[in-house]
Amino acid sequence: MATIVLKPGREKSLLRRHPWVFSGAIERLEGGPVGIGETVAVQTASGEPLGWGAYSPHSQIAIRLWSFSSAEDIALPFFERRLRAALAARAELHARTDLDAYRLVNAESDGLPGLIVDQYGDVLVMQLGSAGPEHWRDTFADILQEQCAPVCIYERSDSDGRELEGLPKRCGVVRGTLPEKVEVTENGLRFAVDVAEGQKTGYYLDQRDNRALTGTLAQDKDVLNCFCYTGGFSLYALRGGAKSVLSIDASEGALELAKRNVELNGLNASKAEWQCADVFGALRKLRDQNRKFDLIVLDPPKFAPTAAFAEKASRAYKDINLLGFKLLRPGGLLFTYSCSGGISDDLFQKIIAGAALDAGVDAQIVKKLHAAPDHPVLLSFPEGAYLKGLVLRVAG
Ligand code: SAH
């Protein structure tokens, strides 16, 4: 087995059980060559064992640790145990009858770096984000088939990060047959999910609980849902008794599915207005038209994938939030989110504070929000906490 020896002192993060080794921390590779994604032993400069990881020669993150125990055997039974533990942690969600869509495996935070598995009814979508899971692709498919018995395992290995790993994008059926229609239940609402062409693995499971919260606060309100995708927040608002819901997204396909989702649930389509537009321009138009709302949701895409994009992203967040504040009636609520790993909770709150100041409103934080519990964050891996949200009430 090949061994990676770290530079002196570079074992510190691994001793804190953070699972990444950056290429700059590596002194040398002994016993190579090693193929992409193959398992290597990791050692300190003085030869102390640190564990086993997946080797990714083209990435800045050169190794992702599978295990911090040198006694571990990285093979089928190891992955069976890790997957079983991830499933067991979701037993409560699994038992629910009003819900059949959730994240089964959340990568690093479930001890399986680079592997995401989302369940949509009896279809599983698997996303391999780095070299390790790429190497073990068939093993993961076999275990998932055995432990979950889905009708289909569909692969959506088309995340941007794969390029940095030197891996090509790959999508398609891995096991079984993809049903013509995939429909799921989320808190009793039905959603059509396009696992083959939709964004991420087809749907934004991480916002499930936050969508539900919006639904409970929507009664008799004029709601604006920006970046609505397939209508998630809009459907909850309609079910929650909103007076009107205006939803905006740049994707025609997403809006088509959103309208279908309203029908699927027998919700009152006459209360729903849909706009296919760029939100930045649409918000300015609404401001110029002097439109006002009681509840606004801003759930934009990832403006800052890493900290290097933080400055540009901050301007974009400030822009939409400033406009959002201006479109709220006194006493109105702003649900504002960032799913950017490159923007910390603190920075996000500062950006929003700046937006409120420039909009000339006083606002209170009513609640701080994060991803749903099927997207847990390992304490030793704070990078896992990408989604942050604030519920703000502007002064009446
Ligand atoms: N709130 C949604 C998820 C939003 S994902 C849910 O709960 O399911 C972000 C969405 O923003 C995507 O649907 C994407 O099409 C859209 N989008 C990205 N940039 C945009 C822009 N500039 N204007 C409008 N929509 C945009």
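How do the residues of the lining of the largest cavity divide into nonpolar, polar and charged? They comprise 5 nonpolar, 3 polar and 2 charged residues, where Ala, Val, Leu, Ile, Met, Phe, Trp, Tyr, Cys and Pro count as nonpolar, Asp, Glu, Lys and Arg as charged, and the others, Gly among them, as polar.

The model is predicted, so that local features need pLDDT of at least 70 and side-chain atom pairs count only at pLDDT 80 or more, while totals for chains, interfaces and linings use all residues. Residues are numbered from 1 along each chain as its sequence is written, and side-chain values use heavy atoms, with hydrogens and water left out.

**Cavity and pocket**

A search of the whole structure finds 1 cavity of 30 Å³ or more. On a 1 Å grid over the protein atoms alone, a cavity is a set of points where a 1.4 Å probe fits but cannot get out, a pocket is an open set with protein on both sides within 12 Å along at least five of seven lines, and lining residues have an atom within 4 Å of a point. Grid points are joined across faces, edges and corners, and a volume is the space filled by probe spheres set on the points.

Residues lining the largest cavity include Ala54, Ser130 and Glu165. Strand E6 (residues 61-67) gives the largest share of this lining, 4 residues, and helix H4 (131-135) supplies at least two. Helices (H or I, at least four residues) and strands (E, at least two) are DSSP runs, numbered from the N terminus.

Of the 14 residues lining the second largest pocket, the closest to its centre are Arg17, Phe68, Arg82, Gly111 and Leu378. E6 also provides the largest share here, 3 residues.

| Space | Volume | Lining by class |
|---|---|---|
| Largest cavity | about 40 Å³ | 5 nonpolar, 3 polar, 2 charged residues |
| Second largest pocket | about 230 Å³ | 6 nonpolar, 4 polar, 4 charged residues |

**Helix packing**

The axes of H10 (residues 279-288) and H11 (residues 310-327) come within 10 Å and cross at roughly 25 degrees. Axes are lines fitted to C-alpha atoms, for helices over the stretch in contact (heavy atoms within 4.5 Å), and angles run from 0 to 180 degrees between N-to-C directions. H10 is therefore roughly parallel to H11; angles under 35 degrees count as roughly parallel, over 145 as roughly antiparallel, 65 to 115 as roughly perpendicular and the rest as oblique.

H11 also packs with H12 (residues 345-359) at about 45 degrees, their axes 8 Å apart, and these two helices are therefore oblique to each other.
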